[in-house]
Amino acid sequence: ARILNVQDGSAVASLSQPVRPIRKAAWDPAGRYVAFIDNDSHLFLWQPRAGGAVRIVNLPAPSILLAIARDGHRIAVATNAGVSVYSIN
């Protein structure tokens, strides 16, 4: 996972932990974190502006897609086992 500068293509931040491919990624509407799911059973909450902090949530089954609420305080993740909603504080 990489964040690139649109003007010159230079790398702003990168994270090498996810299992490729990343299925879906989305910015928190307030810009606090990037949430993404990998090709395995993980949800990543990455804060590139906060020193690159990352929290990894183990999902109950392989992920399919995710959605972030408008306020950024909830993330829904669809897996082969159903949908889980996570609260972000």
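Which backbone nitrogen does the side chain of threonine 79 reach? The views below take up this residue and then a group of rings.

**View 1. Threonine 79 and its surroundings in the predicted model.** The side chain of threonine 79 reaches the backbone nitrogen of alanine 81 at 3.0 Å. Threonine 79 belongs to strand β8, residues 74-79, where strands are DSSP runs of E of at least two residues, numbered from the N terminus. With a relative accessibility of 7%, threonine 79 counts as buried, a term that means under 20% relative accessible area with a 1.4 Å probe and protein chains only. Leaving aside residues up to four places away in sequence, threonine 79 touches Leu59, Pro60, Ala61, Pro62, Ser63 and Ile64, contact being heavy atoms within 4.5 Å.

**View 2. The stacked pair of phenylalanine 36 and phenylalanine 44.** The whole structure holds 2 aromatic pairs, that is, rings of Phe, Tyr and Trp (its six-membered ring) with centres within 6.5 Å, called stacked when the planes are under 30 degrees apart, edge-to-face when over 60 and tilted for the rest. The rings of phenylalanine 36 and phenylalanine 44 have centres 5.1 Å apart and planes at 10 degrees, so this pair is stacked. Phenylalanine 36 is buried at a relative accessible area of 1%, and phenylalanine 44 is buried at 2%.

**View 3. The edge-to-face pair of phenylalanine 36 and tryptophan 46.** Here the ring centres lie 6.3 Å apart with the planes at 90 degrees, so the pair is edge-to-face. This pair links phenylalanine 36 in strand β4 (residues 34-37) with tryptophan 46 in strand β5 (residues 42-47), 10 residues apart. Tryptophan 46 counts as buried at 3% relative accessibility. Ring pairs join Phe36, Phe44 and Trp46 into a cluster.

Residues are numbered from 1 along each chain as its sequence is written, and side-chain values use heavy atoms, leaving out hydrogens and water. Because the model is predicted, local features need pLDDT of at least 70 and side-chain atom pairs count only at pLDDT 80 or more, while totals for chains, interfaces and linings use all residues.

Terms used:
Helix = DSSP H or I, 4+ residues; strand = E, 2+ residues; numbered from the N terminus. Buried < 20%, exposed > 50% of the residue type's maximum accessible area, 1.4 Å probe, protein only. Polar contact = N/O pair within 3.5 Å; in protein donor to acceptor, adjacent residues only side chain to side chain.
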